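Hi,

Here is the structure I promised to pass on. Have a look at it first, and then read my notes below.

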Amino acid sequence: MILVTGGAGFIGTNFVLDWLAQSDEAVINFDKLTYAGNLQNLASLAGDPRHVFVHGDINDQQKIATLLMRFQPRAIVHLAAESHVDRSIHGPEEFIQTNIVGTFRLLEAAYRYWKEQKGKTQQDFRFLHVSTDEVYGSLAKGAPAFTETHAYQPNSPYSASKASSDQLVRAYHHTYGLPTLITNCSNNYGAFQFPEKLIPLMIVNALAGKPLPIYGDGQQIRDWLYVQDHCSAIRRVLAAGVPGETYNIGGWNEKPNIEIVHAICSLLNEFRPADYHRLITYVADRPGHDRRYAIDARKIERELGWKPGETFETGIRKTVQWYLDNQNWLANVQSGEYRKWIETHYQGHAE
Ligand code: NAD
Ligand code: TYD
């Protein structure tokens, strides 16, 4: 089996659902269930013995150590993190605690467990750390996209905390030989994303007739990747990545924010006719706002044969459709009802 941290978050949910749709290898899902963790996302797995949910904090090294001894996973896929840049600007503390200290505690537990393994079991063990392209900082217009050797220049408390965690993972490989893998991925979008990030926030606000807040001039560029493509890349790196290596993952899809918002408005207009474009409202810029991210994803394609399956046009269409089809999910997330899910549905299943 494998241990996934943060498996009740946006990417974690998609990763766990996709994993179990393609394999019978069990998943231990270790998640603190912060505001971003939503077990209701995994309701279709309730009662499925291949999914074991464990409620906990990656800072609890003892709990993780006990879990590793008990379940003996062959790999850890580490997704748990505080992930929203705006929150990191208003309150960086949690980002330091979870992303840096928490990753350190997880690495410690993983290293001690791995050291006790023998032969092929030890050789085949993997610690896959999921990170972001934001560690590389901001790119000038026309500058070449981020390769794996680009210097780290994080600009927000979020990206600085992720950069620190990447460096710790790297050190555990170089110093102790822990078989680690690091992936640095661009902006994801798709089902189950918390409506604080650009794409779901715009969908939710547009449907409610609320303003669509565009920071600054809206010309900031991100490289957007459909979340299920990110999940397939993680599976590929886990299966064939070389320990100690880093793989950049991206969608070859750079777009300014304002174009993303116009695309969402046009799709909504197609499904539920109304003039959503008029809701676009320019607001004050984010402090320290990175201008452009772009991923050069040639290494993972060349060495591991991975490339994205969705274009932005197909991915965003599926995403807008998903939010329209799942308005109950949205209502629960917005009202906070989802936080009661563990109490009402997981008694006896969660640990
Ligand atoms: P998310 O915020 O939606 O989910 C994070 C999950 O981690 C939640 O379920 C939360 O409950 C859990 N968590 C938080 N603190 C924890 C702790 N101390 N112990 C255990 N669990 C904890 O995040 P996401 O968008 O799914 O991102 C997942 C990972 O992928 C993060 O490491 C993020 O940095 C990285 N990433 C995200 C993107 C993106 O566009 N969303 C892009 C590249 C990389
Ligand atoms: P976000 O989804 O927060 O991801 P990140 O900051 O990690 O890239 O934001 C994506 C882009 O959209 C970023 O340039 C900030 C911008 N943005 C807005 O213009 N308005 C908003 O309300 C939000 C949430 C983001």
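Around ligand 1 there are 28 residues, and I11, D31, S83, Y158 and K162 come nearest; a residue is near a molecule if one of its heavy atoms lies within 4 Å of it. Before you go further, note that this is a predicted model, where local features need pLDDT of at least 70 and side-chain atom pairs count only at pLDDT 80 or more, while totals for chains, interfaces and linings use all residues. Residues are numbered from 1 along each chain as its sequence is written, chains are lettered from A and ligands numbered from 1 in the order in which they are written, and side-chain values use heavy atoms, with hydrogens and water left out.

Back to ligand 1. It has polar contacts you can look up (for a ligand, that's a pair of N or O atoms within 3.5 Å). A side-chain N or O atom of D57 sits 2.9 Å from a nitrogen atom of ligand 1. On the oxygen side, a backbone N or O atom of N188 is 2.8 Å from an oxygen atom of ligand 1, and a polar backbone atom of L33 is 3.3 Å from an oxygen atom of the ligand. On its own, ligand 1 exposes 840 Å², and the protein buries 97% of that (areas come from the Shrake-Rupley method with a 1.4 Å probe).

Which elements supply at least two residues each to the shell around ligand 1? They are α1 (10-22), β5 (126-132), α6 and β7 (187-189), with helices (H or I, at least four residues) and strands (E, at least two) taken as DSSP runs numbered from the N terminus. The largest share, three residues, comes from β5. By class, this shell has 12 nonpolar, 12 polar and four charged residues. In that scheme Ala, Val, Leu, Ile, Met, Phe, Trp, Tyr, Cys and Pro are nonpolar, Asp, Glu, Lys and Arg are charged, and the others, Gly among them, are polar.

Now for ligand 2. It is surrounded by 17 residues, with E134, P213, R222, R286 and H289 the closest. The side chain of R222 puts a polar atom 2.8 Å from an oxygen atom of ligand 2. Two or more residues of the shell around ligand 2 come from each of α7 (198-207) and β8 (212-215). The shell around ligand 2 has seven nonpolar, five polar and five charged residues.

The search ran on a 1 Å grid over the protein atoms alone: a cavity is a set of points where a 1.4 Å probe fits but cannot get out, a pocket is an open set with protein on both sides within 12 Å along at least five of seven lines, and lining residues have an atom within 4 Å of a point. Grid points are joined across faces, edges and corners, and a volume is the space filled by probe spheres set on the points.

The second largest pocket has a volume of about 310 Å³. It is lined by 17 residues, and E148, R170, I182, G244 and T246 are the closest to its centre. α6 (157-176) gives the largest share of that lining, five residues. By class, the lining has four nonpolar, eight polar and five charged residues.

The count comes to one cavity of 30 Å³ or more. About 40 Å³ of space lies in the largest cavity, and residues lining it include F10, N38, F194 and W329.

Overall, the protein has 13 helices and 12 strands.

Cheers

Technical notes
A polar contact is a pair of N or O atoms within 3.5 Å; within protein, one must be able to donate a hydrogen and the other to accept it, and residues adjacent in sequence count only if both atoms are side-chain atoms.
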